[in-house]
Amino acid sequence: LLKMWRILDQDKSSIGDDGRLLVPLRSYSTYIRYQRNRYIESLATMGMKPREIQQKLNAQLCEQISIRHISRLITQD
């Protein structure tokens, strides 16, 4: 923690007017969702169909995601 604090303190753009460190952090669940979505994209790149991806997510991550949602993630620009 102290090492990270020192690193953050060196970045003057993250220091507020009152001298406090302003470090924006996303929630952990947002990070997990981002990683899951990148995983879905990589499976699609490997040629897997949405149904196969859905089964893999259920087996490996215990996540229930609709095929429609998977298809939307795959076709996003």
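I53 counts as buried because its relative accessibility is 0%; buried means under 20% relative accessible area, exposed over 50% and partly exposed in between, with a 1.4 Å probe and protein chains only. The place of I53 is in helix 3, where helices (H or I, at least four residues) and strands (E, at least two) are DSSP runs numbered from the N terminus. This is a predicted model, in which local features need pLDDT of at least 70, side-chain atom pairs count only at pLDDT 80 or more, and totals for chains, interfaces and linings use all residues. Residues are numbered from 1 along each chain as its sequence is written, and side-chain values use heavy atoms, with hydrogens and water left out.

**Confidence**

- The protein has a mean pLDDT of 92, and 99% of its residues reach 70 or more; pLDDT is the predictor's confidence in each residue, from 0 to 100.
- Confidence in the protein is highest in helix 3, at a mean of 96, and lowest in helix 1, at 88.

- Apart from its neighbours within four places in sequence, I53 is in contact with I40, L43, A44, M48, I70 and I74; contact means heavy atoms within 4.5 Å.
- I53 and H69 are 16 residues apart along the chain, and their C-alpha atoms are separated by 11 Å.

**Helix 2 against helix 4**

- Two packed helices are described by the distance between their axes and the angle between them.
- The axes of helix 2 and helix 4 cross at roughly 80° and come within 9 Å; axes are lines fitted to C-alpha atoms, for helices over the stretch in contact, and angles run from 0 to 180 degrees between N-to-C directions.
- Helix 2 and helix 4 are therefore roughly perpendicular to each other; angles of 65 to 115 degrees count as roughly perpendicular, under 35 as roughly parallel, over 145 as roughly antiparallel and the rest as oblique.
- On the helix 2 side, R36, N37, I40, E41 and A44 meet H69, I70, L73 and I74 of helix 4.
- By class, this contact of helix 2 with helix 4 has five nonpolar, two polar and two charged residues; Ala, Val, Leu, Ile, Met, Phe, Trp, Tyr, Cys and Pro count as nonpolar, Asp, Glu, Lys and Arg as charged, and the others, Gly among them, as polar.

- R36 lies in helix 2 and is buried, with a relative accessible area of 12%.
- Leaving aside residues within four places in sequence, R36 is in contact with L57, L61, E63, I65 and H69.
- R38 also lies in helix 2, and R38 counts as partly exposed because its relative accessibility is 28%.
- From C-alpha to C-alpha, R38 and Y28 are 16 Å apart in space, and they are ten residues apart in sequence.

**The loop between helix 1 and helix 2**

- D18 is in the loop between helix 1 (2–10) and helix 2 (28–45), and D18 counts as exposed because its relative accessibility is 52%.
- The side chains of D18 and R20 are joined by a polar contact of 2.7 Å; a polar contact is a pair of N or O atoms within 3.5 Å, where within protein one must be able to donate a hydrogen and the other to accept it, and residues adjacent in sequence count only if both atoms are side-chain atoms.
- S14 is found in the loop between helix 1 and helix 2 and is buried, with a relative accessible area of 8%.
- The backbone oxygen of D11 is reached by the side chain of S14 at 2.8 Å.
- Not counting residues up to four places away in sequence, S14 touches L8, R20, L21 and L22.
- L22 is in the loop between helix 1 and helix 2 and counts as partly exposed, at 47% relative accessibility.
- With residues up to four places away in sequence not counted, L22 touches S14, I15 and G16.
- The C-alpha atoms of L22 and D9 are separated by 9.7 Å, and the two residues are 13 residues apart along the chain.

**The loop between helix 3 and helix 4**

- C62 lies in the loop between helix 3 (50–61) and helix 4 (67–75).
- C62 has a positive phi of about 55°, although it is not a glycine.
- At 66% relative accessibility, C62 counts as exposed.
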